[in-house]
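This report goes from the overall fold to one helix.

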Amino acid sequence: MNARAFAGCLALTLGIAAPAPAQDYPGVPVLMYHKVNAVVPRDAVGRDLTVTPDRFEAQLRYLREHGIRTITAAQLAQSLARGERPAHAVVLTFDDGYDDAATTALPLLKKYGAVGTFYVSAGFVGTPRHLDWKQIRALAAAGSEVACHGTFHRDLTTLDAAGQRFEAGHCVQTFGRYLARFKAVTYAYPAGQYDATTVATLRRLGIIAAFTEHPGVVRSLTAAYELPRRRIRHDDDVAAFAALATP
Ligand SMILES: [Zn+2]
């Protein structure tokens with residue numbers, strides 16, 4: 001077992017050994033974005049996945065005004081694994097590695113002293129409309145987490161074990177090659193799909209927590225590979241956002 005795998009197993013063990021959440025622990029909402037962009041697609045799906053910079057900034061302002069801090073998914077998972085219970089916090093996740101993460105979301109995150117977790121499919125890095133390695137390094141340098149969202153964004157449940165190993169493992173290896181000090185801690189399933197083979201695959205890679213699109217907030221690592229996220233939609237105003245950002 002190499003050092004990284006050992007660290008993963010150790011963290012996993014700690015996660016299982018961590019105390020169950022106190023009854024009154026509200027937990028941490030994990031919010032899911034895709035695009036932060038002033039250009040809103042006309043098709044219904046693309047539109048729903050796009051939050052305008054104005055709206056995004058209003059959301060960050062809401063968090064600041066209400067004393068809600070942002071933490072990364074890795075920080076959340078590692079805190080819970082240590083038996084801590086982060087409070088007054090949210091995790092902002094951004095799926096699919098669009099380049100507006102660096103051009104639009106990052107400057108606003110910096111302005112508000114906030115961080116995000118960017119789930120990127122390694123096979124699309126540097127392709128049109130997607131982040132390149134320089135931009136990904138800038139996200140990481142600003143304190144955000146960059147983590148895997150598959151290699152080619154395949155629905156893992158449609159693949160056999162070898163296919164799943166490639167999709168997840170190749171992404172982790174590629175990030176390790178291109179990013180200094182990269183450690184795979186969390187993962188987001190493309191399309192939210194996973195099965196028992198997926199969980200075993202991620203565990204072997206040292207990943208300690210993975211996100212679905214199940215509803216709810218994160219209160220423990222009891223189901224660490226089936227953690228919930230709340231989707232932020234184009235039409236969500238500040239009141240709708242406030243409800244989603246509150247456990
Ligand atoms: Zn995706």
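How many helices and strands are there in the chain? The chain has nine helices and ten strands. The model is a predicted one.

**Overall dimensions**

For 247 residues, a compact globule would have a radius of gyration near 18 Å, and the chain has 17 Å, which agrees. The C-alpha trace spans about 50 × 45 × 30 Å along the principal axes of the chain. Of the 247 residues, 41% are buried. Among contacts between residues at least 6 apart in sequence, 67% join residues at least 24 apart.

**Helix α3**

Helix α3 covers residues 53-65.

Which residues of α3 are buried? They are F56, Q59, L60 and L63. These residues cover an arc of only 95 degrees around the axis, and therefore lie on the same side of α3. D54 and E65, on the other side of α3, are exposed.

The buried residues of α3 pack against the elements in the table.

| Element | Residues |
|---|---|
| β2 | 35-36 |
| β3 | 50-51 |
| β4 | 69-70 |
| β5 | 89-95 |
| α5 | 100-111 |
| α9 | 238-244 |

Just after α3, G67 has a positive phi of about 65 degrees.

In short, α3 has F56, Q59, L60 and L63 buried, with D54 and E65 exposed on the other side.

Definitions and conventions. Residues numbered from 1 in each chain as written. Predicted model: local features only at pLDDT ≥ 70, side-chain atom pairs only at ≥ 80, totals over all residues. Helix = DSSP H or I, 4+ residues; strand = E, 2+ residues; numbered from the N terminus. Rg over C-alpha atoms; globule rule 2.2 N^0.38 Å. Buried ≥ 20, exposed ≤ 12 C-beta atoms within 10 Å, placed from the backbone. Contact = placed C-beta atoms within 7 Å. Expected span 1.5 Å × (residues − 1). Arc of directions from axis to C-beta.
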